[in-house]
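Take a look at the structure below. The paragraphs after it lead you through the chain.

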Amino acid sequence: MNDTPVPIAVVESVDRFIEDEHRDARKFSNRELLDQSGAYSLHGVAAGIYGRGYQDGRMAERARANGERQRERDRAREE
């Protein structure tokens, strides 16, 4: 997993999904129970997806800020 903190809402969403899967595994014979290793891996996937989105957002914000600074420099040169 990466170092980006994962919001509690993401953790809770994964936990709800796991609980739903366990409930469905008890109800239906064609459903497999998600074991502890699978639950841990699912949390890891969710954290990775969130982390990539977070980093993409940071890069987009940096690009916007760089563009703004460049426009300010261009305006200052024109004056």
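Pro5 sits in the segment before H1. Helices here are DSSP runs of H or I with at least four residues, strands are runs of E with at least two, and both are numbered from the N terminus. With a relative accessibility of 64%, Pro5 is exposed. The scale is simple: buried is under 20% relative accessible area, exposed is over 50%, and partly exposed lies in between, using a 1.4 Å probe and protein chains only. Pro5 and Ala47 are 42 residues apart along the chain, and their C-alpha atoms are separated by 8.2 Å.

A word on the model. It is a predicted one, where local features need pLDDT of at least 70, side-chain atom pairs count only at pLDDT 80 or more, and totals for chains, interfaces and linings use all residues. Residues are numbered from 1 along each chain as its sequence is written, and side-chain values use heavy atoms, leaving out hydrogens and water.

Now step back to the whole chain. It has 2 helices and 0 strands. Its radius of gyration is 22 Å, well over the 12 Å that the globule rule gives for 79 residues, so the chain is more spread out than a compact globule. That radius is taken over C-alpha atoms, and the rule is 2.2 Å times the number of residues to the power 0.38. Along the principal axes, the C-alpha atoms fill a box of roughly 75 × 20 × 20 Å. Of the 79 residues, 15% are buried. The accessible surface comes to about 6,400 Å², and carbon and sulfur atoms hold 52% of it. Such areas come from the Shrake-Rupley method with a 1.4 Å probe; for residues, only the protein chains shown count as cover.

Next comes helix H1, where Arg23 has its place. Arg23 is partly exposed, at 36% relative accessibility. Its side chain makes a polar contact with the side chain of Asp24, at 3.4 Å. A polar contact is a pair of N or O atoms within 3.5 Å; within protein, one must be able to donate a hydrogen and the other to accept it, and residues adjacent in sequence count only if both atoms are side-chain atoms.

Helix H2 has 43 residues and reaches 63 Å from its first C-alpha to its last. That is close to the 63 Å expected at 1.5 Å a residue, where the expected span is 1.5 Å times one less than the number of residues. Which residues of H2 are buried? They are Gly38, Ala39, Ala46, Ala47, Gly48 and Gly51. The buried residues of H2 pack against helix H1, residues 8-27. Across the chain, 67% of the contacts with a separation of 6 or more join residues 24 or more positions apart. A contact means heavy atoms within 4.5 Å.

Gly44 is also found in H2. At 22% relative accessibility, Gly44 is partly exposed.

The structure holds 1 aromatic pair. The ring centres of Tyr50 and Tyr54 lie 6.3 Å apart and their planes meet at 25°, so the pair is stacked. Rings of Phe, Tyr and Trp (its six-membered ring) pair if their centres lie within 6.5 Å; planes under 30 degrees apart count as stacked, over 60 as edge-to-face and the rest as tilted. Tyr50 and Tyr54 are 4 residues apart in H2, so about one helical turn separates them. Both are partly exposed: Tyr50 at 29%, Tyr54 at 38%.
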